[in-house]
Amino acid sequence: ATSSPTVTPTLTSTPTYTPTPLASPTAMPTQEPTPPVCPGLPIIDVPATIAQDTTWVSGYVYRVTGLSMINTGVTLTLNPGVIVKFQNNGTTKGKLAVNGILHAEGTADEPIVFTSIYDDAYGCDSEYGGGAIDPTAGDWDGVYISSTGTGSSFTHVLFQYGGSSDANLVVTSSSVNFISSSSKWSAKNGLTWKDGASGSIA
């Protein structure tokens with residue numbers, strides 16, 4: 001009889017399995033508070049009465065809350081670049097009554113600005129609201145030059161967002177110059193010269 005051949009099975013090698021290590025979890029970054037887009041300039045609160053000659057300098061926001069008044073015989077001088085913002089005190093909108101003399105002498109590069117507390121375009125975020133409230137016409141009342149304010153002057157000055165009662169700038173029975181300046185976004189009038197008021201507007 002013919003012997004049957006012996007079959008030797010070929011062993012298949014067992015595949016080597018190398019586990020893929022799990023990636024270490026990425027640590028979550030510590031969340032930092034988001035700073036204001038434009039932190040506000042330091043604020044100086046304007047008193048209710050200005051009773052002595054005073055000069056305001058740039059680098060600050062001068063905040064008028066309610067009514068502030070310049071006494072008769074007193075001169076307030078605003079240097080180039082000064083920013084004045086007005087806000088409501090709860091019952092009275094921001095207003096500057098000038099019974100003395102107001103000299104606001106800006107330059108083309110550094111104008112003087114009278115505006116709303118919500119106007120972040122000048123002096124940045126002065127009410128710390130993160131720009132949540134946009135300025136609007138009539139946010140504040142105005143600057144009022146009385147009959148004893150003759151000699152007051154405005155050069156390279158911008159008024160905006162006032163005029164809740166009359167105009168951003170109201171001149172009564174006095175001579176006031178308004179040169180290379182503008183008044184806009186008032187709830188009523190940009191400028192009011194009345195009761196014999198005079199001066200140059202150019």
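Biologist: In what order do the 6 strands of the open sheet stand, and is their pairing parallel or antiparallel?

Modeller: As a general idea, strands of a sheet pair through backbone hydrogen bonds, and they can do this in a parallel or an antiparallel way. In this structure, which is a predicted model, the open sheet runs in the order β1-β4-β7-β10-β13-β16, and the pairing is parallel. The edge strands are β1, residues 43-45, and β16, residues 182-184, each of which pairs on one side only. Neighbouring strands of this sheet are turned by 20° against each other on average, when direction is ignored.

Biologist: What can I find when I look at the pairing of strand β8?

Modeller: Strand β8, residues 95-98, pairs in the parallel sense with strand β5, residues 67-70, over 4 bridges, and the bridge partner of S68 in β8 is L96. Strand β8 is also joined by 4 bridges to strand β11, residues 142-145, again running parallel, and here K95 has G142 in β11 as its bridge partner.

Biologist: How many helices and how many strands does the protein chain have?

Modeller: The protein chain has 0 helices and 17 strands. To see how the chain is brought together, you can look at contacts with a separation of 6 or more, of which 59% are accounted for by residues 24 or more positions apart.

Biologist: What share of the residues is buried, and what share of the accessible surface belongs to carbon and sulfur atoms?

Modeller: Of the 202 residues in the protein chain, 35% are buried. The accessible surface comes to about 11300 Å², and carbon and sulfur atoms hold 54% of this surface.

Biologist: Which residues have the most contacts inside the largest nonpolar core?

Modeller: The largest nonpolar core has 29 residues, and those with the most contacts inside it are L78, F114, V143 and F154. If you take F154 as an example and leave aside its neighbours within four places in sequence, you find it in contact with a list of residues that includes L102, F114, I145, F159, L169 and F178. The contacts of F154 also include E105, N177 and S181.

Biologist: How many salt bridges are counted, and where is the one that involves D45?

Modeller: The general idea is that side chains of opposite charge can pair when their charged atoms come close. The count comes to 2 salt bridges. In one of them, the side chains of D45 and R63 meet at 2.6 Å, N to O, and this pair links distant parts of the chain, since D45 is in strand β1 and R63 is in strand β4, residues 61-65, 18 residues apart.

Biologist: Is D45 buried or partly exposed, and is R63 buried or partly exposed?

Modeller: With a relative accessible area of 47%, D45 is partly exposed, whereas R63, at 18% relative accessibility, counts as buried because the limit for that word is under 20%.

Biologist: What does K194 form with D166, and which parts of the chain does that pair tie together?

Modeller: K194 forms a salt bridge with D166, and their closest N and O atoms are 3.9 Å apart. Because K194 lies in strand β17, residues 189-194, and D166 lies in the loop between β13 and β14, the pair ties together parts that are 28 residues apart in sequence. K194 is partly exposed, with a relative accessible area of 34%, while D166 counts as buried at 16% relative accessibility.

How values were computed. Residues numbered from 1 in each chain as written. Predicted model: local features only at pLDDT ≥ 70, side-chain atom pairs only at ≥ 80, totals over all residues. Heavy atoms only, no water. Pairing = 2+ DSSP bridges. Helix = DSSP H or I, 4+ residues; strand = E, 2+ residues; numbered from the N terminus. Axes fitted to C-alpha atoms, helices over the stretch in contact; angles between N-to-C directions. Buried < 20%, exposed > 50% of the residue type's maximum accessible area, 1.4 Å probe, protein only. Contact = heavy atoms within 4.5 Å. Areas by Shrake-Rupley, 256 points an atom, 1.4 Å probe, with all protein chains shown as cover. Core = buried A, V, L, I, M, F, W, Y, C linked by side-chain atoms within 4.5 Å. Salt bridge = Lys/Arg side-chain N within 4 Å of Asp/Glu carboxyl O.
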